[in-house]
Amino acid sequence: MRKRAFIFAAIFVLCLSFSLAQEKSPRIIAIKGAKIIPVVGEDIEEGIILIKEGKIDDVGKAVTIPADAQVIEAKGLFAYPGMIDSFSFLGLQEITAVRATVDSSETGRFNPQVRAVEALRPDSMHIPVARANGITAAVVIPTGGLISGQAGLIRLAGWTPDEMVVKNSVAMHIQFPSISRFRGREAQPREETSKQVEELRELLKKARSYQKIKEVAQKNTLLPLPEFDETLEFLIPVVNGQLPVIISVQADNDIKTAIKFAKDEKLRAILFGVTEGWKVAEEIKNSGIPVVFGSLYAMPSKWDDGYDAIYRNPGVLAKAGVKFAFSSSSASLAKDLPYHAAKAAAFGLDRREALKGVTIYPAQIFGVDEMMGSLEKGKKANIVLADGDILELRTNIKHVFIEGKDTKLSSIYEELLEKFKKRY
Amino acid sequence: MKISKSLLFISFIALVFFLTASSSARVGPTYAIVNCKIIPISGPPIENGVIIIRDGLIESLGPKEKVYVPEDAEVIKADSLFAYPGLIDIHTNLFLEPAKEEPQRPGAIEAMAAEPQAPDWAKQVDSSAFQLIKPKKSDIENFQKIGITTVLVVPEKGIYAGQSVLLNINGDKKETMVIKNPVALHINFTTERRAYPSSLMGTIALLRQSFLDTEYYSSYKSQFSKSSRGQKRPEYDPFLETLSQFVIQKKPIFFNCQNQEDIKRAVGLIEEFKLNGFITGANEAWRVPGLIKKAKVPLLVSLDFKPPFTSIYINQSEELKEKAEKEIYPANSANLYKEGIKFALTSHGLKSSEVLENIQKAIKAGLPVEEALRAMTIIPAEYLGVSDILGSLEPGKIANLILTSGEIFGEKTKVERVFVDGLSFEIKQPPKEAKPSALNVAGKWKAAISGPMGEMEMTVELMQEGNAITGNISTEMGKWEISDGLLTGNELTFTISATIMGERMEIAFSGTAQKDSIEGILSFSGGSAKLKATRIPDMDL
Amino acid sequence: MLRFFVLSSLAAFSCFSFGQNLLIKNGIILTVTKGTIPKGDVLIIGGIIKQIGENIPAPEGIKIIDATGKYVIPGIIDSHTHIALIGTNESSEPITPEVKMRDVLNAEDTSIYTALSGGVTMVHTMHGSANPIGGENIVLKMKWGKTSEEMIVHEALRTLKFALGENPKQANVAGMGTLRYPQSRMGVNAIIRRELSKAKNYMEQWDRYLRAKRSKNPPKNLTPPRKDLRMEQLADLLRGKMVARCHSYRADESLEFVSLSKEFGFKVACFEHIPEAFKITKELAAEGIGISIFLDSWAYKVEASEGIAYNAAYCTQKGILVSLNSDGGERIRRLFNDAAKAMKYGGLSEDEALKLVTINPAVQLGVDRIAGSLEVGKQGDIAIFNEHPLSAYTRCDMTIIEGDVYFDRAQYLKEREEMEKKKKEDELKKKGGKK
């Protein structure tokens with residue numbers, strides 16, 4: 001009798017420890033034998049990546065693998081840094097036609113106070129789909145109005161918003177007033193646009209003065225403290241240069257206006273969209289402002305720009321020396337991020353540059369390159385193991401590590417497929 | 001003799017009315033136009049020619065040695081002038097008021113039942129240009145200035161836009177202008193906005209179904225008329241009744257074609273239903289010459305050269321778009337001429353001020369002047385079946401002719417005089433410089449009108465902007481509008497739009513003005529009266 | 001089964017444009033149906049493929065395309081789009097089979113060129129999905145620069161557009177869109193049933209008339225019924241002269257439509273879009289109904305919220321004829337990219353993936369006798385890519401229809417270069433003039 005009880009107890013303890021072990025990721029993982037494309041530095045044939053406590057502890061050809069490491073045999077596979085989507089609606093949109101499921105846009109013209117990460121839906125069906133294709137982080141961004149709100153950086157893993165958020169606020173989104181007729185949208189008269197740009201300048205000016213008054217009042221409590229102004233409050237990091245602005249702008253003359261605006265207002269800036277950027281490549285280069293491309297699944301606005309204008313745009317800007325990144329500009333098609341990069345490579349962009357446009361360059365542009373964007377010691381262990389080039393359409397992704405955790409790669413796609421495979 | 005003021009007034013008006021109404025029954029004047037170069041179209045030009053007009057018709061014409069000038073003829077010296085047949089413009093919207101914005105159709109907002117509602121597209125098929133036109137003197141003058149004496153007025157809006165009327169522009173009374181009414185049914189490849197058909201594909205299907213229904217309706221009716229007993233009597237359908245005239249009895253149908261595909265659609269329908277079809281608009285006729293030649297459908301080409309929105313020439317680059325608007329499309333008629341295709345030229349789509357300019361553009365693009373002339377004289381006359389009475393200068397034809405200072409359509413050529421139905425209209429040349437007048441006639445005036453029946457008083461109010469004068473006359477019969485006024489130095493002219501006993505009339509004033517007094521002559525069809533006015537000083541008001 | 005309908009609508013309408021002669025040399029020939037030739041030639045005479053093989057001798061004076069290192073595939077066929085038309089829907093009424101895309105062709109639509117730049121040589125351009133019964137569609141070759149008549153593919157099946165689900169019931173149209181019957185799926189079915197019943201009645205009336213007319217003693221005063229174009233179209237569907245192409249999303253509404261088709265005896269050639277096809281592969285395969293779908297566009301409407309990327313591959317593996325479509329003028333440029341995704345999501349082979357945009361849509365449209373693969377006897381419709389067409393890095397460099405080159409990237413680049421040069425010269429002149 002006692003023996004039986006002992007056996008039951010042993011089994012129980014075993015199961016318990018086993019399940020506990022499942023809860024925690026193994027502290028040390030070694031990915032062995034893959035061809036490593038670190039993106040920064042040389043490729044490593046048949047290398048080893050050592051992951052410790054969610055970070056890359058070592059990368060190289062001859063890396064000592066600790067005895068207690070979980071070894072993942074990756075011979076014949078390719079290891080890449082996890083991809084970063086620089087303009088995404090993951091977690092903010094579910095079914096775009098249903099307003100109740102869309103939280104990417106607020107009403108009103110000036111909303112610097114809204115934060116995209118505060119609308120995140122970690123259960124979104126689109127997140128596992130994107131993650132399964134090698135995307136490990138995304139800049140989620142609000143749209144609408146003139147100042148749309150704060151974009152944040154998320155990891156594509158986590159049960160709660162807190163678990164997903166890497167950075168609450170990485171950039172302030174400004175949808176720049178446009179004087180040009182763009183894709184069917186009628187042009188605003190020049191006066192209207194200048195008026196709006198003036199309004200923006202005024203607002204920034206007010207923010208600066210609001211900040212100064214606050215600072216002085218904080219030092220001297222006898223002085224009156226200004227009323228809390230939500231709009232101005234959240235523009236303080238912008239005017240300080242602490243928070244970059246990401247400016248959505250498409251047409252060539254609007255791009256020039258935006259560059260001047262950023263320069264005059266002494267803002268750290270990123271340009272988004274820039275579909276006619278190729279026409280003003282020099283100006284963009286000279287400004288030192290990096291760009292994020294929108295989805296390449298778009299048509300050129302003018303016929304005589306050429307049928308491939310949108311596709312060749314990245315190549316032209318890269319050649320001119322502009323730093324760039326790609327984005328999906330989507331939730332349901334976030335998984336296509338690598339294919340936008342590949343499409344640009346088909347039309348003139350160097351293939352390695354294209355890869356950088358979804359890894360190290362976005363990390364640099366959003367100031368998180370110390371923690372992600374390449375397979376380098378000390379960075380987060382965001383690693384993709386694939387059976388081929390991750391920018392290729394036919395490649396199959398085998399593992400996606402996010403901060404050292406081997407994440408689940410199945411999504412609603414596999415769930416539904418399995419369910420209906422059982423039908424007959 | 002003191003007659004009561006109102007009786008005087010009424011009899012004055014009655015006289016005017018009588019004189020106007022009876023003018024058409026009078027025998028028209030006789031004119032001898034002497035020593036001009038005649039271009040008859042039907043024959044070679046005649047140098048030093050003489051044309052005799054009597055009672056609305058051309059009595060005779062020829063070289064001056066051969067033509068006898070009758071005693072009752074008013075001789076018009078036409079030295080160094082050219083005489084052409086009056087131009088015929090067979091697609092215009094002259095006298096039609098611009099269509100008002102359509103109000104929200106209640107039918108579209110009410111919930112649609114399971115079955116579709118009664119159609120809107122049928123309602124305009126009986127829309128008659130004749131009913132709709134409101135002749136205005138200024139419109140008449142604009143057309144006569146270009147030398148156009150005959151117009152086909154075409155209703156503009158809708159798929160079945162309505163029926164046109166052929167007018168001789170001889171005055172401002174509708175009835176006296178009509179040569180033929182109705183002339184044709186007009187069809188546009190357009191759509192209904194909210195009801196069926198709301199797309200072009202629906203319109204084409206609708207047209208085919210309408211024509212099929214017309215054939216069915218007509219054959220059922222004729223079968224019924226042959227033997228009625230035992231057969232259910234045919235339903236009366238006003239729309240199909242009208243359409244029968246055109247589809248069965250083969251009265252003309254004009255298809256307004258915006259682009260080459262419309263021309264193909266029109267030819268398809270014309271051939272399928274064996275219609276007496278005409279193609280008008282046709283800016284892209286130059287792109288389908290083979291089809292037009294094969295189809296043998298009369299072609300009316302608009303002088304409005306705008307490339308249609310479908311054109312590949314306008315959605316590629318700015319450069320090409322400009323070339324299309326300035327060179328390619330204006331060459332339409334020249335290209336058709338080179339292909340040996342016959343056509344009439346129309347002003348459809350243009351403001352009257354643009355017509356001459358565009359004819360000149362077409363000529364510059366390669367259309368010979370003679371062809372342009374034929375395209376606005378004998379060819380449209382033939383198309384409309386009135387070549388027996390219009391389209392060329394021949395004895396027995398209607399005396400519609402124009403006297404020009406130079407060759408027709410020339411840059412410097414001016415139309416000096418126009419004859420319509422044998423009535424003479426001198427064309428006022430625009431003043432050389434419109435110097436802003438130092439004189440200001442704005443204000444209120446006490447006017448006295450003296451005519452055959454004595455004196456009458458009325459108040460005149462004038463507004464002045466630069467040289468332009470507007471205002472109104474207050475009478476016992478109401479307030480009448482003063483328009484088209486011009487003050488040059490001391491010369492004052494304007495037009496009064498009067499409504500007398502429900503009839504609209506235009507009365508022209510011509511005279512001189514001083515700071516505080518105006519004097520001049522009022523003329524109207526059939527008579528004239530003197531007007532003297534003194535300014536009412538402000539303090540009196 | 002579809003061939004029966006092909007025969008009934010076949011016409012030898014090749015009188016308009018006579019094809020050209022062309023020899024494509026040294027390319028990697030992907031025939032799609034008959035394997036791959038690693039280095040081969042394709043000879044086209046009079047627009048027809050006369051020979052495919054290695055080292056084909058060049059007839060004198062023939063135009064030669066050097067395809068060394070390039071991939072030569074059959075021209076891509078887009079089985080569902082709306083380009084080259086004036087307007088898309090006659091949405092004022094829910095039932096409009098009388099409208100025809102044939103009547104509103106627009107040969108000057110720049111989307112035709114866009115299609116060519118994506119290797120597309122033929123499209124099935126359709127009425128939209130605003131109505132339960134839309135209009136008659138048409139198949140066109142992308143002969144940019146030619147007249148609209150020359151683009152029509154007369155060999156194709158006649159197809160009639162149906163639509164189910166959110167679009168015809170106007171679920172996503174605010175305001176005015178809540179007033180047109182039907183507003184529910186049951187209404188959509190009911191209205192289709194109503195119209196088909198009316199059509200049957202119409203056919204019966206005509207049959208009676210014709211029988212009476214042909215009889216020995218036709219009755220006096222015999223009058224035919226009124227010819228109704230709307231009913232005629234539905235009658236043609238019921239008689240088998242047209243097939244139904246039905247836009248549907250959910251599995252359930254699609255099955256309801258299959259029942260309707262059996263109730264009235266008409267043929268459903270394809271369901272369009274049907275992201276839920278993977279749920280009913282059994283029924284679709286049994287009925288021989290094909291599907292024409294996106295690969296991975298989903299979640300833009302509620303009825304698209306269960307659209308999985310495995311749809312194309314899984315249905316193919318279950319014996320359904322699957323084609324990929326663009327439904328517009330943008331995706332039409334990258335149908336080959338979508339085909340590649342069917343290898344990743346579901347494991348189709350290269351040829352199976354390529355078939356999704358070549359021979360499969362050709363069969364669905366009844367034009368597989370003349371297009372859809374590189375085979376001797378078929379028309380010379382070809383696309384040439386610089387990389388494997390299923391690679392993300394590929395680019396279409398040339399598109400050929402019946403031996404005529406309609407898109408040539410090298411030519412395009414040359415023209416751009418000249419244009420840029422001229423622009424710079426003009427700008428210099430302006431600046432010079434200003435001085």
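**Legends to close-up views of the predicted model**

**View 1. An open, mixed sheet in chain B.** In this predicted model, strands E6, E7, E9 and E10 of chain B lie in the order E6-E7-E9-E10 and form an open sheet of four strands with mixed pairing. Its edges are strand E6 (87-92) and strand E10 (178-180) of chain B, each of which pairs on one side only. Averaged over the sheet, neighbouring strands are turned by 30 degrees against each other, with direction ignored. In general, the strands of a sheet pair through backbone hydrogen bonds, in either a parallel or an antiparallel manner.

**View 2. The pairing of E9 and E10 in chain B.** Strand E9 (residues 165-168) of chain B and E10(B) run antiparallel and are joined by two bridges. Within this pair of strands, Leu167(B) is placed opposite Val178(B), a residue of E10(B). Strand E10 (178-180) is also an edge strand of the sheet shown in View 1.

**View 3. The fold of chain A.** Chain A contains twelve helices and 16 strands. Along the principal axes, its C-alpha atoms fill a box of roughly 90 × 60 × 50 Å.

**View 4. Burial and contacts in chain A.** Of the 424 residues in chain A, 49% are buried. Among contacts in chain A between residues at least 6 apart in sequence, those that join residues at least 24 apart account for 69%.

How values were computed: Residues numbered from 1 in each chain as written. Chains lettered and ligands numbered in written order. Predicted model: local features only at pLDDT ≥ 70, side-chain atom pairs only at ≥ 80, totals over all residues. Buried ≥ 20, exposed ≤ 12 C-beta atoms within 10 Å, placed from the backbone. Contact = placed C-beta atoms within 7 Å. Pairing = 2+ DSSP bridges. Axes fitted to C-alpha atoms, helices over the stretch in contact; angles between N-to-C directions.
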